[in-house]
Amino acid sequence: MTLKLMNKGYWLSTGGDYKTRNLGYPTHTGMDYCNVDSNTSVLAVAAGKVIKVINDIADPVPPKNGIDYKGVASGGNQVYIEFGNCVNRLCHMKYNSIKVKEGDIVNKGDVIGIQGNTGYSNGMHLHFEMQVNGVPVDPLPYINETVKIVDFVVPQPTPLPIVEEYDITYHRTKAGDTCYALAGQYLGDVKKWELIVEWNNLKSKNDLPINKDVIVNKVKRVTQTTQPVQQPAVPEVVFKVSDKVLILSAGNTQASGKGNPSGSSLIGVNRQIMKINDGQAYPYMIGDGKTASGWFKASALKKI
């Protein structure tokens, strides 16, 4: 089965299908594709926004006793791209090969990185995962294009209403001044005397006051500004003990944050909240219900 959305030459790797379709591994959340060319580029499958990047995991070194990925993000070097209706997670790319950063807007076909073998990986391949509302879903309908990937739409600033302003010229009238004369002097045409009458709310052209400041010219100055794009408010997530969560980023060995980084190997893994220590930098103790894996910030967790 080819990955039609990506470069030609990507084939479904043996046993690399989604969940139990032919893998027998129900926690596998994507589809694994490989290309015989080790320098094959990983491309964006649609227009999207890069929302997460991990690019500093070294290519694996043959372990002494089996596979040891302790402290390494399971997906290796990876990128999350937000589309209009889903999020695409691309994993196991080569060390330092990722060309994008968080916040970048990418178009379909843009190079994201290079196929690699980092993280929980036994060989060169690409883990292709699709998520909806933070939960992995079967990528096959997207790959077969039976489900359309909606492009990410960049919010545009909203133009404010046009504000009409004027640069106004005044003249102090004296005996002998007429609307005709002022129109000729300031407007270049005596026939525009009616504007002098209109601007000064005169009853007629013969109603020009003496020793008063009257408007003799008005030039429209058009200004238009744009108001900043209002980002939708992110609702605050309230966690409680025993909540099931998806780990999005690493935590710390201490709630204060003064310990060592921990839990990077659990990124993308489901765990539960075992304890809450309010007021700390990393208030949530996460584990499997028996053994703690570390302390995490709310931003590193997604309730499931």
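Biologist: Which residue in strand 6 is the bridge partner of Tyr80?
Modeller: Arg89 is the bridge partner of Tyr80 in strand 6. Strands here are DSSP runs of E with at least two residues, helices are runs of H or I with at least four, and both are numbered from the N terminus. This is a predicted model, where local features need pLDDT of at least 70, side-chain atom pairs count only at pLDDT 80 or more, and totals for chains, interfaces and linings use all residues. Residues are numbered from 1 along each chain as its sequence is written, and side-chain values use heavy atoms, with hydrogens and water left out.

Biologist: In what sense do strand 5 and strand 6 pair, and over how many bridges?
Modeller: Strand 5 and strand 6 (residues 87–93) are antiparallel, with 5 bridges; pairing takes at least two DSSP bridges between the strands. A hairpin of 4 residues links strand 5 to strand 6.

Biologist: Is strand 5 mostly covered or mostly open?
Modeller: Mostly covered, with 5 of its 6 residues buried. Buried is under 20% relative accessible area, exposed is over 50%, and partly exposed lies in between (1.4 Å probe, protein chains only).

Biologist: And what does strand 4 pair with?
Modeller: Strand 4 (residues 48–54) pairs with strand 7 (residues 105–106) in the antiparallel sense over 2 bridges. Strand 4 also pairs with strand 5 (residues 77–82), again antiparallel, over 5 bridges.

Biologist: What stands opposite Lys49?
Modeller: In strand 7 that's Ile105, and in strand 5 it's Glu82.

Biologist: Changing topic: where is Asp177?
Modeller: Asp177 sits in the loop between strand 12 and helix 2 (179–187).

Biologist: Why does Asp177 count as buried?
Modeller: Because its relative accessibility is 17%.

Biologist: What does the side chain of Asp177 reach?
Modeller: Its side chain makes a polar contact of 3.0 Å with that of His171. The term covers N or O atom pairs within 3.5 Å; within protein, one must be able to donate a hydrogen and the other to accept it, and residues adjacent in sequence count only if both atoms are side-chain atoms. The Asp177 side chain also gets to the backbone nitrogen of Lys174 at 2.9 Å.

Biologist: Which residues does Asp177 touch, leaving out those up to four places away in sequence?
Modeller: Asp177 touches His171, Arg172, Leu182 and Leu208, with contact meaning heavy atoms within 4.5 Å.

Biologist: Last one: where is Tyr170?
Modeller: Tyr170 is in strand 12 (residues 163–172). With a relative accessible area of 49%, Tyr170 is partly exposed.
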